[in-house]
Structure formats: structure tokens, C-alpha cells
Amino acid sequence: MVFLDETSDANKAWKSLVEAVGSLDQVQIMQVSDTYLHAIVPTAQPPGLFNPSTFSAAASEENDNVDGSSGSRRRLLITPGLDDLEFILRPEDNLVLYRSASRTSVFVYPLTQPVSDGNANLQRLEKI
């Protein structure tokens, strides 16, 4: 499929943008109109923070002490969040406003900054 990368017709550009967004992997378009598009995408998570076999946050008991004792520890399995992808067409200005942002952030103790998603939102917008 060929997408327009430049045109003076706002409607053609918008239709091409909607098709380009819809063609991305794991993108689910939630709302689309003549001037607004909202899609969701699973958040990119660093390796080891998400267990793909779990679809909701759950605490599990584990008996895996190094010394073999019967103690247990609790582990929280993190579910993937969602990123919002939004576009607004302003045809009077020949302009498309865009935003791609994560709904949630993951903090790992003792860090005081969120764990990076590897610039997934920026890369997604550059791909479009």
C-alpha cells in the first residue's frame, strides 16, 4: 500500500494518515472522524517486567529462598499498559497535530525515574 507523504489536499492527506495508522502492528483505532483520530497501542515494556501469560495484575506466592527454607515472598506481575495515539487535522492551516503518550509509567525501586520504553512513542510517530 502506498501512502501520501505530501499533498495540498487536506482530505486526501487525512485519509492516507488514517490508512497508515491502521496498518501498524497492534494498533486499534478507537475513534475516527473527519478531523480526529484516536488509537491505542500496547505499551512497550522492558524485558522481565511483564509476564505475557498474565492478563491482569496478580500477586503470587513463591517458595524459592536460597537456603531452601519455607519462607515465601510476594511478586507482582505487571500487565502491559496502553499508549494513546492521537491526531487532529486543522485543514484551514494545512496542519496535523499529533500526540503519542503512555498512560502509565513503571517505577522500579529504588529508582525515582520511570523505566524507559525505549522511545517507542517517538519511533512510532516517526514510522507514520
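Is D84 buried or exposed? I looked it up: D84 is buried, at 11% relative accessible area. My cut-offs are under 20% for buried, over 50% for exposed, and partly exposed in between, with a 1.4 Å probe and protein chains only.

Ground rules next. I am reading a predicted model, where local features need pLDDT of at least 70, side-chain atom pairs count only at pLDDT 80 or more, and totals for chains, interfaces and linings use all residues. Residues are numbered from 1 along each chain as its sequence is written, and side-chain values use heavy atoms, with hydrogens and water left out.

I asked for salt bridges (a side-chain nitrogen of Lys or Arg within 4 Å of a carboxyl oxygen of Asp or Glu). The structure has 4.

Entry: R103 and D84. I found their side chains in a salt bridge, 2.9 Å from N to O. The pair joins distant parts of the chain, 19 residues apart. D84 sits in strand β5 (residues 82–90), and R103 in the loop between β6 (95–102) and α2 (120–127). I take helices (H or I, at least four residues) and strands (E, at least two) as DSSP runs, numbered from the N terminus. R103 is partly exposed, at 48%, whereas D84 is buried.

Entry: E86 and R99. Their closest N and O atoms are 2.8 Å apart in a salt bridge. I note that E86 is in strand β5 and R99 in strand β6, 13 residues apart. R99 is partly exposed, at 39% relative accessibility.

Entry: D93 and R90. I read 2.4 Å, N to O, for this salt bridge. D93 is partly exposed at 39%, and R90 is partly exposed at 31%.
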